[in-house]
Amino acid sequence: MIQVDISNIWGEVSLTDLLSIEAELSAAHMAVTYGDAVPAWLELPDRAPTAEHMRMLAVAHRIRENSDILVVVADEEAQAGIRGVIELLQGPDRNLRRSKGDPVILWAGSDLSSGSWNQLTRLLEGKDFSICVLSGPELRTETAVAFRSLRWMLERRYGTAQAKLRICAAADAERGALRQMAQENGWECFTLPADAGEGCAVLSPGWLLPLAVAGLDTMALLRGAKKAKAELELRSFENPLWLYTAARCLMARRGRGPELLASYEPGFAGLGAWHRQLFRKPVSFLAQLPGMDPLLHTGIPGAFETLIRFAPPVRRTVIWEDVKDLEGLNHLAGQHLDQLEEQTALDAMAAHADLGIPVISIDCGRADEEQLGELLWFLELGSALCAKLA
């Protein structure tokens, strides 16, 4: 289970403050989960695997068999969570040495840059590829332009009939140009929750399709989310989500902001962008902690920090001894790299506390599909509670 540590904010928030928001937080939790307009995304973990999810897995299997590359066509917001999960679990460089059977994942539809388009088309030359387009009812111009151009490339290369088998979509159930196009052309199409927006659609089959193509276990993601849904129903401050939500809201009510989101994992950058989208923060800095320190020293008045941490992987790295020791690192010999990272994190939190920056620490466990499903649900529900308390 995800753990939240707020011991570094007690200078800003007291136990009395925390208790004073308890009734309000309970009402917000009740309104989100049992109110008159319960959001559709709340039901996604409970209903899995649906027939639509199984159809998605079949489509993903077909793409893995017939394509060297999958191009995900979506705006920046819709890309953020998908990209974030892939990069966190498989690394920012996961596309190196991928091929048919385990396709490269490329991105389009978030800009109108000719340079970006030329780079994409060069990568697609001589490669078998498929496309997955995601959009709500409003198909943005940059997404529509990229999608049209890629469709034309598919039809020219494979012919109209075969091109249809290489196009899939995730769209609103009833509205929008993308849904109409999918129906008229016979593309595989999956449904995005109507009231979710791209940010809270993360556990829907259409959003999970690129993850399945990347070789990730989407059922494990859903199991993690279902587990978190049950555990986070606890209506007390023993619930880590209540601690995080209360801490964020109390900080905001005391004029604290922006929230600085930090992680030691380079692959967390995409999920950091998704976090910013979920919580609708106009300013949120994402950085690895050492690179953030100069920014903090120059001064961000009233900032507070959320630190996302993960347990070390099963395969651990040892720091070796060197006879000459010209770098002066032999005092670290025999330690594991994660031990050094842990100490650096503790030192950074202490330094930030000395600078007057309260730190909320979220420990997420080992980064795998099931644990990440828990984190996705934790942040989704947290954003909904914070919106009710705002």
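Visitor: What makes strand 1 and strand 10 a pair, and how many bridges join them?

Guide: Three bridges join strand 1 (residues 3-5) to strand 10 (residues 359-366). A pair needs at least two bridges found by DSSP, so these two strands qualify. They run antiparallel. V4 of this pairing stands opposite I362 in strand 10. Strands here are DSSP runs of E with at least two residues, helices are runs of H or I with at least four, and both are numbered from the N terminus.

This is a predicted model, where local features need pLDDT of at least 70, side-chain atom pairs count only at pLDDT 80 or more, and totals for chains, interfaces and linings use all residues. Residues are numbered from 1 along each chain as its sequence is written, and side-chain values use heavy atoms, with hydrogens and water left out.

Visitor: In which sense do strand 9 and strand 10 pair?

Guide: Strand 9 (residues 304-311) pairs with strand 10 in the parallel sense, over six bridges. R309 stands opposite D363 in strand 10.

Visitor: Why do strand 3 and strand 6 stand at the edges?

Guide: Look at the open sheet of five strands, ordered 3-2-4-5-6 with parallel pairing. Strand 3 (104-108) and strand 6 (188-192) each have a single partner strand, so one side of each is left without a neighbour in the sheet. Within this sheet, strand 4 (residues 129-134) and strand 5 (residues 167-172) pair over four bridges. C132 faces C168 in strand 5.

Visitor: How many cavities does a search of the whole structure find?

Guide: Three, each of 30 Å³ or more. On a 1 Å grid over the protein atoms alone, a 1.4 Å probe fits in a cavity but cannot get out, while a pocket is an open set of points with protein on both sides within 12 Å along at least five of seven lines. The largest cavity holds about 40 Å³, counted as the space filled by probe spheres on points joined across faces, edges and corners.

Visitor: Which residues line the largest cavity?

Guide: M1, I2, A228, E231, L232, E374 and F378 do, as lining residues have an atom within 4 Å of a point. Helix 11 (218-231) and helix 16 (369-389) each give two or more of them.

Visitor: What is known about the largest pocket?

Guide: About 590 Å³ of space lies in it. Of its 23 lining residues, E265, P312, P313, D338 and E341 are the closest to its centre. Helix 15 gives the largest share of the lining, six residues. Strand 9 supplies at least two.
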